[in-house]
Amino acid sequence: IEFWFSGILHLNATKSFDYYLRLDTDSMLHSDFPVDPFQLMIRKEYAYGYYTLFRDDAVATIGLVDFVESFINDHKNGTKAALNKLELPSPNSRRDYRPPMFYTNFELLSMRRFRHDPLLKEFEHQVLKSKKIYTHRWGDAPLRYHQVMVGLDWNKEVLKFCNFSYAHLHHNYFRKPCGE
């Protein structure tokens, strides 16, 4: 989990990368990309690209909403949470809350942006410092979603890829392009 949330960004082997595209070993593309996804991200200045959203299990995200809320409160004037209309449940509703997450088995992100943006780096640092990846099993998918929600402008810097067919065999998941 820590590797996909943080480690990939700091490997010697990836230091020269501008972007990376994650596909798990059991991911399958069932159609071509109509445009080069890397060129699209560069041309439009997107920092994060994803395929779809899901919700994580409440048992695997205990304390995550409290952490995100605290992070936002500690960085009142710096986050994009209000701009992105990030809604966090009230403290009384958090016990069984299933937070949103990117389906990170397919993600394309700007390595430079995630490595150098002070807010994105601080979020990463605070997550690692909390050790909740290990003690609470916080996954890279809900962490990446909340990192993006507090650090990027959703309407300008985040791209939903939906113009190709994708399958993830382990989860028996298949999705056709948008509009089909």
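1. Start with two helices that pack against each other: helix H5 (residues 118-130) and helix H7 (residues 140-151) meet at an angle of about 145°, and their axes lie 9 Å apart. Helices here are DSSP runs of H or I with at least four residues, strands are runs of E with at least two, and both are numbered from the N terminus. Axes are lines fitted to C-alpha atoms, for helices over the stretch in contact, and angles run from 0 to 180 degrees between N-to-C directions. This is a predicted model, in which local features need pLDDT of at least 70 and side-chain atom pairs count only at pLDDT 80 or more, while totals for chains, interfaces and linings use all residues. Residues are numbered from 1 along each chain as its sequence is written, and side-chain values use heavy atoms, with hydrogens and water left out.

2. Which residues make up this helix pair? From H5 come Leu119, Leu120, Phe123, Glu124 and Val127, and they meet Leu143, His146, Gln147, Val150 and Gly151 of H7. Contact means heavy atoms within 4.5 Å. Sorted by class, six residues are nonpolar, three polar and one charged. For these classes, Ala, Val, Leu, Ile, Met, Phe, Trp, Tyr, Cys and Pro count as nonpolar, Asp, Glu, Lys and Arg as charged, and the others, Gly among them, as polar.

3. Now to the sheet. Four strands form an open sheet in the order E1-E6-E3-E7, with mixed pairing; two strands pair if DSSP finds at least two bridges between them. Strand E1 (19-23) and strand E7 (158-160) are at the edges with a single partner strand each, so one side of each has no neighbour in the sheet. From one strand to the next, the twist averages 10°.

4. Follow the pairings across the sheet. E1 and E6 run antiparallel and are joined by five bridges, with tyrosine 20 opposite leucine 109 in E6. E3 and E6 also run antiparallel, joined by three bridges. Strand E3 (residues 48-50) pairs with E7 in the parallel sense, again over three bridges.

5. Helix H2 (residues 37-44) touches E1, E3, strand E6 (106-110) and E7, and its direction makes about 140° with that of E1.

6. Take a look at phenylalanine 106 in E6. It counts as buried because its relative accessible area is 0%. Beyond its neighbours within four places in sequence, phenylalanine 106 is in contact with several residues, including Leu21, Phe33, Tyr50 and Phe161.

7. Finally, find threonine 14, in the loop between helix H1 (2-5) and E1. Threonine 14 counts as buried, at 6% relative accessibility. A polar atom of its side chain lies 2.7 Å from the backbone oxygen of isoleucine 8. Setting aside neighbours within four places in sequence, threonine 14 is in contact with Ile8, Leu9, Met111 and Arg115.

Definitions and conventions. Buried means under 20% relative accessible area, exposed over 50%, partly exposed in between (1.4 Å probe, protein chains only). A polar contact is a pair of N or O atoms within 3.5 Å; within protein, one must be able to donate a hydrogen and the other to accept it, and residues adjacent in sequence count only if both atoms are side-chain atoms.
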